[in-house]
Amino acid sequence: FTQQGSDAQAREEDEGEVDRSQGASRALTSYIDAGLNWEDVPWLKSITKMQVLLKGVQCAEDAVMAYKAGLAGCVLSNHGGRQLDTCRSGIEVLPEVM
């Protein structure tokens, strides 16, 4: 690698600081902030010029709140419900949201 910083992980591996025993799912969930709520939407919209979408809508009430908050759209998703047998699929939520 010739790019600056491209060997950062290699150094961590050499020092034994990278724990890969928990799998990709555990690693990715470390980037999710469970503290986010509807009060954060204005701030999020203020820091970008991009349109903001809400992913993970599971009920009509959340779709209505997203609309009232001025979000550009909703993505019906069960947030990886493959691991949660009780989550509704996006296609099951669609009639309620429409």
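Me: Which residue forms a salt bridge with E96?
Reply: In this predicted model, side-chain atom pairs count only at pLDDT 80 or more, local features need pLDDT of at least 70, and totals for chains, interfaces and linings use all residues. Residues are numbered from 1 along each chain as its sequence is written, and side-chain values use heavy atoms, with hydrogens and water left out. A salt bridge here is a side-chain nitrogen of Lys or Arg within 4 Å of a carboxyl oxygen of Asp or Glu. The closest N and O atoms are 3.0 Å apart in the pair that E96 makes with R88.

Me: How many salt bridges does a search of the whole structure find?
Reply: Side chains of opposite charge can pair when their charged atoms come close. The search of the whole structure gives a count of one.

Me: Is E96 buried or exposed, or does it lie in between?
Reply: Buried means under 20% relative accessible area, exposed over 50%, and partly exposed in between (1.4 Å probe, protein chains only). E96 has a relative accessible area of 35%, so it is partly exposed.

Me: Where is R88 found, and which residues does it touch?
Reply: R88 has a relative accessible area of 30% and is partly exposed. Its C-alpha atom is separated by 6.4 Å from that of N78, ten residues apart along the chain. R88 is found in the loop between β2 and α5, where helices (H or I, at least four residues) and strands (E, at least two) are DSSP runs, numbered from the N terminus. Taking a contact as heavy atoms within 4.5 Å, and not counting residues up to four places away in sequence, R88 touches Q58, C59, N78, V93 and E96.

Me: What is the place of C87, and what is its relative accessible area?
Reply: The place of C87 is in the loop between β2 (73-76) and α5 (90-97). C87 is partly exposed, its relative accessible area being 27%.

Me: What is the relative accessibility of I91, and where is its place?
Reply: I91 and L76 are 15 residues apart in sequence, and 7.8 Å apart in space from C-alpha to C-alpha. I91 is exposed, with a relative accessible area of 65%. Its place is in helix α5.

Me: Which residues make the nonpolar surface patch?
Reply: Patches are made of residues with over 30% relative accessible area and no salt bridge, like charges being joined within 9 Å and nonpolar side chains (Val, Leu, Ile, Met, Phe, Trp, Tyr) within 5 Å. One of the members, I47, lies in the loop between α3 (41-46) and β1 (53-57). The patch covers about 320 Å² and is made by W43, L44 and I47.

Me: In what order do the elements of the protein run?
Reply: The protein has five helices and two strands. From the N terminus on, the order is α-α-α-β-α-β-α.

Conventions. Areas by Shrake-Rupley, 256 points an atom, 1.4 Å probe, with all protein chains shown as cover.
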